[in-house]
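Here is a short note for a colleague who is opening this structure for the first time. Please read the points with the sequence and the model side by side.

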Amino acid sequence: MERGELLTSLKDIVGEENVLSSEMDLALYGYDASLERGKPDVVVLPGSTEDVSKVVKLAYRAKIPVIGRGSGTNLSGGTVPVKGGIVVHFSHMNRIIEIDIPNRTVTVEPGVITLDLQNTILKKGLQYAPDPASQKVSTLGGNFGENSGGPHCLKYGVTTNHVLGAEVVLFDGTVVWLGGKSPDQASYDITGLLVGSEGTLAIATKIMLKIIPTPEAVKTMLAIYDSIEDAGNTVSAIIAEGIVPATLEMMDNLVLKAVEDSVHAGYPMDAAAVLIIELDGMADGMERQAGKILEICKRHRVRDVRLAKSDAERAELWAGRKGAFGAVARLRPSYLVCDGTVPRTKLPEVLGKVIQIAKKYDLPIGNVFHAGDGNLHPLILFDERNKEELARVHKAATEILQICADVGGTISGEHGIGTEKLKEMSFIFSESDMHFMRDIKSAFDPVGIWNPGKVIPQRQAANA
Amino acid sequence: MGKIERLTGDLASAIGRERVKTDSDITDRHAVGGLAPSVVAFPKDIKQVKEIVNLAVRDGVSIVPWGSGTKQCMGDLPSRVELVISTEKMNHMLDVDVANLTITVESGVKFRDIQARLATQEDRCYLPLDELGKETDDIICSERTRSGCFLPLDPPFGDKATIGGIIAANSSGPRKLLYGLPRDMVLGVRFVTPKGEIVGAGGKTVKNVSGYDVSKLMIGSFGTLGIICEMTLRLLPLPERMETMILGFASLSEAARFADALLRTKLIPAAVEIMNAGAVDAVCAKAGISAKGATCNVAVAMEGFDEAVGRMKKEMAAMGERFGATARAELDEGGHNPFWLSFGNLRVMDKEKSNDILSVRLSYPISEWEKIYAICDETLASEGLKHTMVCHAGSGVTAIDIMPDGKDRHDLLIQIIASLREGCEAKGGQLTVECAPSQARKSITTFGRPGAVSVIMERLKKAIDPSGIMNPGRFFSLTQQ
Amino acid sequence: MNIAQLMKLSYDEVAKCNKCGFCLPNCPVYLAEGKESSAPRGRNATTRAVIEGRLQWSPEIEKAIFSCLGCGACTAACFPKVQTKDLVFRDRECLVTEGLYPKIADRVARFLEEQHNISNDDNEERSEWQEMIKDIPEEALNKDRAEVIFFVGCVASFFPMAQKIPVNMSKIMHRAGVDFTVLGGEEWCCGFPLIGAGMPDKVKALMEHNLAKVKDVGAKAIVFTCPSCYHTWKHLYQPEVKLFHASQMLNDLIRDGKVTLKERKIKVTYHDPCDLGRNSGVFEEPRQVLKSIPGLTLVELASNRQLSTCCGGGGNVEMVNPELSAKVAAMKLEQIALTGADMVVSSCQQCLRTIATRAKRQKMDLVVKDLTELVFEAME
């Protein structure tokens with residue numbers, strides 16, 4: 001299809017003002033929060049499922065890629081159009097369609113911002129559990145596509161554990177509802193397959209999520225350590241004692257300092273590491289659990305344990321944690337965040353190796369991570385404008401992921417594969433594993449329109 | 001030499017003669033809906049499964065995967081039953097990593113053996129170990145980690161089912177209210193595809209977004225997309241205290257008011273079950289509990305910290321009085337464990353009472369449970385059909401066993417299923433027939449309307465199993481060849 | 001300004017933006033339009049792409065860069081604190097050099113050059129509002145020498161809707177015994193509109209005139225009811241005299257017992273003007289003043305202080321893109337409605353105008369008052 005014809009057809013569908021095609025717009029939809037960069041052919045801002053269906057039908061006929069986008073906070077290049085195509089930006093589809101309290105569900109359009117939903121339902125004494133650090137800006141469509149995690153996923157599970165169903169547009173523009181308010185129906189779990197598929201199988205236009213009552217009591221503690229090993233060992237020890245807190249987060253000194261400079265939450269600047277430990281649930285027995293945790297921390301030479309005394313203090317501790325990525329840009333302009341995940345007990349070993357890699361490549365690496373579920377986020381700091389440094393960064397990142405894979409972990413816990421980690425897929429998957437994924441892909445995407453160049457590497461030449 | 005003879009010979013040389021059986025007592029034991037396979041293979045590991053599947057692909061022979069057979073009555077009848085692959089010999093626990101709260105097992109491992117392996121120093125366990133020890137003729141896992149963990153699932157047939165079967169059938173029980181479904185527990189799987197390849201997905205970590213979430217696709221696919229051979233599951237620390245309270249009410253509406261009020265408190269019960277009198281009596285009798293069922297009963301499982309369970313008991317007792325409970329039984333851990341194991345075996349007990357048992361499972365939006373319960377109760381009572389009925393209030397599932405009294409009433413049963421299905425679908429739900437007398441089976445649709453999603457399911461099945469050999473026709477009659 | 005100069009001034013700052021997107025939900029323009037080019041991250045990326053030669057200045061960039069309200073909410077939400085407003089204003093300078101800018105700005109520049117005010121009226125008309133004051137002799141407002149200069153600002157001088165502000169402020173100061181004067185026709189625009197228009201070099205003449213006047217009057221302090229004049233004096237003029245925003249002076253007068261307030265049983269919410277709050281750091285004084293009114297209940301907006309949402313009146317957008325300005329104002333009204341307050345109070349004539357005008361257009365029953373008006377009423 002000629003460009004002019006494509007633009008005209010798209011304008012007929014979504015209206016002229018919702019089709020963006022200037023050089024500026026194409027440059028601005030070529031990035032996300034990762035270091036990857038691409039360029040779409042055109043951007044559309046649909047207002048309804050019908051718009052999306054028509055756009056997809058057109059793309060299918062013309063064999064043009066379609067890439068969904070929410071707030072573009074992806075950390076692995078998932079929203080970067082590497083092979084051109086139509087970027088579908090959901091900023092106008094941001095309505096909360098239904099809050100069904102008796103059935104404990106909400107139905108939203110994909111452009112709804114995660115925290116906006118949370119704030120809306122908190123007023124009704126309910127909550128949506130997944131809380132990605134970017135919840136203030138990330139959209140639920142993006143959370144769906146990436147299977148986002150967050151600190152509270154230690155206890156409550158990740159996005160996929162909270163998605164009940166979705167209205168999706170298939171490759172030919174057909175609209176179907178998957179799942180729904182009746183939980184646990186006999187069917188292939190297509191919803192489960194689509195969550196985290198990074199827009200490579202279909203595109204969601206409505207999402208139904210599970211909401212749960214807010215806990216009766218919450219206790220948030222900040223444990224301060226003079227040694228990062230002690231902090232790491234505390235994490236395993238708490239779980240080994242039979243306690244699964246709501247969160248178990250860790251930050252090292254480098255990150256702590258940057259965060260404290262930015263938000264002034266009262267983090268100790270000289271500590272080697274801190275843990276943010278949160279308990280929630282029924283009030284009964286919580287005091288005793290907190291006491292047990294304190295004891296475990298002491299056994300691991302904690303310097304001090306502080307208890308958040310008010311909601312405001314708790315909010316401050318979390319604001320610091322959730323802004324950690326952004327805050328490190330105070331130290332160097334760019335960062336690359338690795339997302340390797342390992343069995344929890346391997347954390348101290350892997351951390352030691354990360355420190356060695358920092359030395360080997362002469363790069364500052366900060367560590368902030370979901371310690372409770374073994375999800376590391378080493379932040380490699382650098383200046384993207386220095387190409388030589390950038391090359392070292394990529395090498396260091398790959399090496400970190402190799403270490404995670406070697407100890408029985410995986411290359412991405414919550415940020416996705418995107419384009420960034422395609423080459424590392426072979427660290428954990430065999431060619432037959434990937435072949436099976438390609439079979440799935442072929443069932444959903446016979447002509448290859450969905451977010452091409454993501455998740456599954458191209459078949460190796462020898463097997464082609 | 002026929003196709004099957006050749007296959008049998010090749011299987012024997014591939015995996016060992018002793019692992020390939022054609023004896024009729026064995027093939028008959030592995031019949032599905034009256035169709036006995038020609039061959040049953042007992043591979044020892046995933047590699048052997050791969051070899052078997054490759055031979056089956058070569059010969060175009062259909063495959064039925066088999067665990068302990070507890071759920072073979074579920075699903076549509078397969079269109080062909082030629083080769084059964086039994087996971088019986090694949091019963092190894094590959095990695096019991098209690099420090100990381102994960103366990104990796106082969107699919108033939110029995111559910112009860114996993115729980116036994118995880119028991120505490122004092123043999124506290126999520127199942128009644130003593131009782132199982134008395135009852136079963138095969139050996140319960142005697143090796144203990146002394147870890148005090150458990151696998152947070154409570155599917156039916158907890159004493160017999162294999163973990164592979166539980167996962168393949170997406171089987172769950174009352175305590176999913178607190179812990180979730182199999183999809184929330186499975187971290188990774190390794191399986192053999194219908195093309196004969198070994199494929200792994202997921203891993204040992206709770207968070208994992210590397211590649212597609214293939215594990216989700218395999219859960220509840222009834223063996224139509226491959227044979228699950230190994231899986232990694234999420235564990236939790238065993239609750240400090242586990243108890244049950246059963247409250248009897250004179251009517252459904254009183255029981256419902258109690259249950260709904262309970263679900264609106266900040267209390268966190270593990271299960272809230274609505275049970276009719278027949279269900280309570282059967283379960284209690286089996287578990288050796290003296291309680292007697294009222295017209296409508298609410299059984300609540302409480303699992304958690306000592307103080308939390310204590311408070312739940314206290315508040316629920318008071319609530320029970322407020323809402324007019326006529327009876328209350330309290331079970332400590334010694335009663336709690338047998339009660340819920342026996343609860344999962346309700347169908348086994350009901351089967352003993354009637355050869356023609358008809359079991360259905362209804363799932364629907366959770367707020368509709370009382371209406372669904374009432375529709376079912378009225379419909380069955382008006383026909384005077386003996387039945388047990390249990391409803392997971394708060395999880396949107398009701399399971400009914402209808403026990404016809406021996407007279408030929410298939411027409412009536414078919415009519416009743418149709419009417420219940422209509423009632424359930426009107427509320428946005430789904431009715432699945434899980435067990436039916438073979439004559440009635442032919443006239444009853446197992447799953448009801450598959451809906452728009454069947455387009456995708458069909459496309460997936462074709463892409464993954466192009467020759468249609470894996471449990472053909474079993475699930476929504478997909479790829480019936 | 002050319003690209004080489006832009007690179008020198010902006011490249012390191014813009015490189016700090018790591019595209020995390022946390023600014024998006026804080027930017028009223030992004031929320032109104034939903035396009036990346038309207039988002040602070042998009043503006044940063046545009047600046048960077050131009051510096052790196054990946055994009056050329058274009059009419060689309062002009063439109064995008066001139067639709068920034070300059071409210072600074074993005075920086076408040078930004079962890080590395082990228083100064084997007086400054087980057088945008090520098091981009092505007094380049095765009096002006098390229099001839100890519102809203103031509104209405106030329107008219108404003110001409111008005112300021114010829115008449116020294118934004119409404120192209122005879123500058124002597126600046127005193128028009130004084131006619132609304134009956135009980136203070138004219139000489140009391142127009143002295144040759146005084147302790148304090150009351151810098152009224154263009155909007156409050158010429159727009160009828162805002163003229164109440166200097167009227168009330170003068171009455172309050174007069175009653176409190178403050179020795180003050182206004183400059184009348186000798187007050188020239190502070191130049192703030194030129195900074196937002198990408199023509200900061202044209203501010204110089206205005207600034208020199210105004211600073212000379214301060215010397216003539218021998219004032220030790222200047223008080224502003226306009227946050228933008230206050231901000232411009234504070235950050236650009238930097239004179240050696242004390243600068244007060246009206247809310248600060250009112251707070252002092254109340255504290256010192258020179259102004260006493262009677263009971264008002266009302267529920268109000270307070271809107272932080274961007275140039276007063278976030279951009280000048282004055283958050284608490286206006287709230288202190290409100291709390292000094294007995295019986296008054298202050299309910300905060302969901303987004304307040306550092307994260308306050310712009311009324312839509314900032315950054316010359318009202319002039320360049322009134323439709324966008326109206327959309328942002330409508331969002332502000334939604335937030336105000338959620339507080340359930342009887343009245344919204346601000347301390348900025350521009351916020352007052354934007355909010356009141358939008359409320360009127362939407363037929364929303366909302367009382368909008370400047371802090372000076374509320375205080376004066378409470379003194380009655």
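How much area do chain A and chain B bury between them?

1. **The A–B interface.** Keep in mind that this is a predicted model. Chain A and chain B bury about 6300 Å² between them. Carbon and sulfur atoms account for 57% of that buried area. The size of an interface is often given in this way, as the accessible area lost when the parts come together.

2. **Who takes part.** Chain A brings 86 residues to the contact, and chain B brings 73 residues. On the chain A side, A:D184, A:Y188 and A:F436 lose the most area to chain B. Together these three make up 15% of what that side buries.

3. **Domains of chain B.** Chain B is divided into four parts: domain 1 covers 3–86, domain 2 covers 93–237, domain 3 covers 241–344 and domain 4 covers 346–441. Look at domain 1 of chain B and domain 3 of chain B together. Their centres, taken over C-alpha atoms, are separated by 43 Å.

4. **Fold and dimensions of chain B.** The secondary structure of chain B comes to 18 helices and 19 strands. Its radius of gyration is 22 Å, close to the 23 Å from the globule rule for 481 residues, so chain B is as compact as a globular protein of that length. Along the principal axes, the C-alpha trace of chain B spans about 75 × 55 × 40 Å.

5. Of the 481 residues in chain B, 64% are buried. The accessible surface of chain B is about 16600 Å², and 49% of it belongs to carbon and sulfur atoms. Take the contacts in chain B between residues at least 6 apart in sequence: 74% of them join residues at least 24 apart.

6. The cut-off used is within 2.5 Å. The sulfur of C:C311 is 4.0 Å from its closest cysteine sulfur, that of C:C351, and this is too far for a bond. C:C311 is buried, at a relative accessible area of 3%.

How values were computed
Residues are numbered from 1 along each chain as its sequence is written. Chains are lettered from A and ligands numbered from 1 in the order in which they are written. This is a predicted model: local features need pLDDT of at least 70, side-chain atom pairs count only at pLDDT 80 or more; totals for chains, interfaces and linings use all residues. Side-chain values use heavy atoms; hydrogens and water are left out. Domain bounds come from an automatic or database domain assignment. Buried means under 20% relative accessible area, exposed over 50%, partly exposed in between (1.4 Å probe, protein chains only). Helices (H or I, at least four residues) and strands (E, at least two) are DSSP runs, numbered from the N terminus. The radius of gyration is taken over C-alpha atoms; the globule rule is 2.2 Å times the number of residues to the power 0.38. Contact means heavy atoms within 4.5 Å. Accessible areas come from the Shrake-Rupley method with a 1.4 Å probe; for residues, only the protein chains shown count as cover. Buried area is the accessible area (1.4 Å probe) that two parts lose on being put together, summed over both.
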